[in-house]
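Welcome! Here is a short briefing to read alongside the sequence and the 3D view.

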Amino acid sequence: MDLPISPPVAPMLAKAVKTLPAGGPDGDLLYEPKWDGFRCIVFRDGDEVVLSSRGEKPLTRYFPELVEAARRELPERCVVDGEIVLRDGSVLDFDKLQQRIHPAASRVGLLAEQTPASFVAFDLLGVGDESLMDRPFGERRRRLETELAGARAPFHVTPATDSPELAQRWFEEFEGAGLDGVVAKPRGLPYQPDKRVMFKVKHERTADCVVAGFRWHKSGPVVGSLLLGLYGESGLQHVGVSASFPMKRRAELVRELEPYRMEDLTGHPWASWAQQSGATADRMPGAVSRWNAKKDLSWVALRPELVAEVAYDHMEGARFRHTARFRRWRPDRTPQSCTYAQLEVPVAYDLDDILGGS
């Protein structure tokens, strides 16, 4: 591969802010929807195509349909930054996207046919023999629109605006199509790999959850994460974890949780999960991670009597899409009152209305 930029390249990142920043009168900020998928930089040199992840690991083998489409839809020699997403009808589906990461080539091929992915481009790092990484983002955006003007699905160019009012509307409406916020990018910004120099605003809500177990921290005998549950029609469902604690707080949690520990899982709502194999880790606390088979996902059962208020961005199916943030204990709430009914459901929005029907 002979390009002005060689893979891998660490993507430029955004730092979280509470409110959408307002640009100056000269429109020095551009706003884009925040896509919920796998960050990916596509390198194309003729027939040779490499898909590189945010962690600079190759994604190429998992998305053969995008490799084929890149040869058809992208400039002959280019480097494009964007997001791999997977749509289910009119919305994004991150669960199905995760399932595309599979070790078996036969399964990869089948999934490429059954649940094909799309690519949403939002930056152009190089084209032909020219590197654009030192050019301001405003220029790179114009070049992206020009170079990908004729691109067809599954390749798309993300919408962008310099209007903070329109960006705020996107923030409020696009969640219904599975997007998770808005990114603000200074027009004058050169491409800075692995630097948090952009800004992102994501949805944040709270929920009261049952704490029914925990995992030990990888560094030693302190709490690594709390296992969270909500009651649904089939009982207490594992909906995610809360894991961001200072080390001092992790040690305190060991003492706070000690009275609720169960050495015998008899009667625990997740007892049967501990004996099952082949389940996905996001649904069953003891399952093997599809991302890291060596990761220890063993857990300690707790009597499901504690209730914690946590903050979360949004739901992906029946679980939290990202790690929830612990806010406080809720001794005033009963575990049985922690149901899915408390969760806010965004108004539906058609993904085609964002991508222009392409």
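The lining of the second largest pocket divides into 10 nonpolar, 4 polar and 7 charged residues. Here Ala, Val, Leu, Ile, Met, Phe, Trp, Tyr, Cys and Pro count as nonpolar, Asp, Glu, Lys and Arg as charged, and the others, Gly among them, as polar. This is a predicted model, in which local features need pLDDT of at least 70 and side-chain atom pairs count only at pLDDT 80 or more, while totals for chains, interfaces and linings use all residues. Residues are numbered from 1 along each chain as its sequence is written, and side-chain values use heavy atoms, leaving out hydrogens and water.

**The pocket lining**
- Of the 21 lining residues, H314, M315, E316, G317 and P346 lie nearest the centre of the second largest pocket.
- β7 (91–92) and β17 (315–316) each supply at least two residues of this lining.

**Residue R321**
- You will find R321 in the loop between β18 (319–320) and β19 (325–329).
- R321 is buried, with a relative accessible area of 12% (buried means under 20%, exposed over 50%, partly exposed in between, with a 1.4 Å probe and protein chains only).

**Helix α5**
- In helix α5 (residues 164–173), the buried residues are A167, W170 and F171.
- Seen down the axis of α5, these buried residues fall within an arc of 100 degrees, so they line one face of the helix (the arc is that of the directions from the helix axis to the C-beta atoms).
- On the other side of α5, E165 and E172 are exposed.
- Helices (H or I, at least four residues) and strands (E, at least two) are DSSP runs, numbered from the N terminus.

Technical notes
On a 1 Å grid over the protein atoms alone, a cavity is a set of points where a 1.4 Å probe fits but cannot get out, and a pocket is an open set with protein on both sides within 12 Å along at least five of seven lines; lining residues have an atom within 4 Å of a point.
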